[in-house]
Amino acid sequence: MDEQEILPFITNCEEFAAGKFILPEIKITAILKTIDENEKLKNIISTCISGYNFDENFENMILDDGKILTLNLPSENENIIAFVYNLFYRVENKTINFNNFVAKFFVPKTENNSCFNEFAVKCITPFKEAVISYFNNRHIKVDSPEYQNNYFNKIKTTIKLILTNMDNYKLKMNEKEELTMLLNSLYLASERNDKKLVYSLMIGIDYFTKCFKKARIAYLSLEECFIN
């Protein structure tokens, strides 16, 4: 996938990591703005933070060796994205004081470093890389122009991605089975180029995801397939 689509986000993260950390809250606001202005990034964030309990995860991440407190950050891309985004959101709405937070949990290991450098290495860069990885995995690039212009093929590609990420929607077993059945039917209809059935099934998936909002992102990603 062409990362030019999320270049403003990447640039702001890299500027933050390379900066002098003057008014870091402004840099955080700039990163959040690039997310808010990009529908694909918003969809990624929405998927990752769905059902995520920041306070509970934050408490479990704190390590205390009796001398200093540090954060043991998650390794999974979804959890990195969810944690850092939630942190940024709390900094922006003033429920977390950024300077105090960084000074408390990101003590530098050398005199030539700073708590802000530690934060950039352990949070900003992993956040940027996790979003890029998630973006590339979620939006498969197909080289053939004919493939890109055929919405039936776009639908089939998107369905494969949705099924791969099904666990992210936190559905109950019967709900997962119902959505899977709808998606498989839509896949078969797309293989047959059955426009009438495709639209009928899209209505069904639309209704389902309005009832089970954690899976709403699935319908929205399918809807994108009809945009030239």
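Visitor: Let me begin with the cysteines, then. Is Cys 48 buried or exposed?
Guide: Buried means under 20% relative accessible area. Cys 48 comes in at 7%, so Cys 48 counts as buried.

Visitor: And Cys 225, buried or exposed?
Guide: Use the cut-off of under 20% again. Cys 225 has a relative accessible area of 5%, so it is buried.

Visitor: How many disulfides does the structure hold?
Guide: A disulfide is a covalent bond between the sulfur atoms of two cysteines. To count here, a pair of cysteine sulfur atoms has to be within 2.5 Å. The number of disulfides in this structure is 0.

Visitor: Zooming out, what pattern does the protein chain follow along the sequence?
Guide: The secondary structure comes to 12 helices and 2 strands. Read along the sequence, they give the pattern α-α-α-α-β-β-α-α-α-α-α-α-α-α.

Visitor: What share of the residues is buried?
Guide: The protein chain has 228 residues. It exposes about 12,800 Å², with carbon and sulfur atoms supplying 50% of that. The buried share of the residues is 43%.

Visitor: How confident is the prediction, and which element has the highest mean pLDDT?
Guide: The chain averages a pLDDT of 83, and 88% of the residues score at least 70. Among the elements, helix H8 (residues 145-149) has the lowest mean, 51. The highest mean, 92, belongs to H10.

Visitor: Let's look at helix H1. How far apart are its end C-alpha atoms?
Guide: H1 has 12 residues, and at 1.5 Å a residue it should span 16 Å. The model agrees with that, because the end C-alpha atoms of H1 are apart by 16 Å.

Visitor: Where do the buried residues of H1 sit around the axis?
Guide: The buried residues of H1 are Phe 9, Ile 10, Asn 12, Cys 13 and Phe 16. They cover an arc of only 165 degrees around the axis, so they lie on the same side of H1.

Visitor: What about Glu 118: how far is its C-alpha atom from that of Phe 105?
Guide: Glu 118 lies in helix H7, residues 115-138, and at 8% relative accessibility it counts as buried. Its contacts beyond four places in sequence include Phe 106, Val 107 and Pro 108. Glu 118 and Phe 105 are 13 residues apart along the chain, and their C-alpha atoms are separated by 9.3 Å.

Visitor: What is the phi of Lys 170?
Guide: Most residues other than glycine have a negative phi. Lys 170 is in the loop between helix H9 (151-164) and helix H10 (173-191), and it is exposed at 53% relative accessible area. Its phi is positive although it is not a glycine, near 55 degrees.

Visitor: Last one: is Asn 193 buried, partly exposed or exposed?
Guide: Asn 193 sits in the loop between H10 and helix H11 (195-211). It too has a positive phi, about 55 degrees, without being a glycine. Its relative accessibility is 47%, so Asn 193 counts as partly exposed.

Conventions. Residues are numbered from 1 along each chain as its sequence is written. This is a predicted model: local features need pLDDT of at least 70, side-chain atom pairs count only at pLDDT 80 or more; totals for chains, interfaces and linings use all residues. Side-chain values use heavy atoms; hydrogens and water are left out. Buried means under 20% relative accessible area, exposed over 50%, partly exposed in between (1.4 Å probe, protein chains only). Helices (H or I, at least four residues) and strands (E, at least two) are DSSP runs, numbered from the N terminus. Accessible areas come from the Shrake-Rupley method with a 1.4 Å probe; for residues, only the protein chains shown count as cover. The expected span of a helix is 1.5 Å times one less than its number of residues. The arc is that of the directions from the helix axis to the C-beta atoms. pLDDT is the predictor's confidence in each residue, from 0 to 100. Contact means heavy atoms within 4.5 Å.
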